[in-house]
Amino acid sequence: MSEGSGKLKENQPGKYYVDQDCIGCMLCSEIAPDNFRSTVDIDCEVEYNFVYKQPSTKQEEDLCEESMDVCPVGAIVDNGKGAR
Ligand code: SF4
């Protein structure tokens, strides 16, 4: 389980974020395409994903939770406290 120490700067502030353990597998952006996006390098290869938009509906929240469950490296973090 990730401890979330390496929060990526691209994340939109809020409850969920992706940390530097992300390997860019894109599972989360396939499950929750409205909430996760990918960064690409100059060769258009995916580098990593980040939280593009915090969930605003129950459905989006559920998809973010599902993404957390399937992330192979535990890089999606829910700090459980909301943005401050
Ligand atoms: S599922 Fe996890 S490892 Fe894969 S892109 Fe999303 S945050 Fe990164």
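Author: One term to start: on a 1 Å grid over the protein atoms alone, a cavity is a set of points where a 1.4 Å probe fits but cannot get out, and lining residues have an atom within 4 Å of a point. Grid points are joined across faces, edges and corners, and a volume is the space filled by probe spheres set on the points. This is a predicted model, where local features need pLDDT of at least 70, side-chain atom pairs need 80 or more, and totals for chains, interfaces and linings use all residues. Residues are numbered from 1 along each chain as written, and side-chain values use heavy atoms, without hydrogens and water.

Reader: ok, how many cavities of 30 Å³ or more are there?
Author: One, from a search of the whole structure. The volume of the largest cavity is about 100 Å³.

Reader: switching topic, what lies over the face of Y52?
Author: R37, at 3.7 Å from the ring centre. The rule is NZ of Lys or CZ of Arg within 6 Å of the ring centre and within 35 degrees of the ring normal. K7 lies over the face of Y17, at 4.7 Å.

Key:
1 Å grid on protein atoms, 1.4 Å probe; cavity = no way out; pocket = protein on both sides within 12 Å on 5 of 7 lines; lining within 4 Å.
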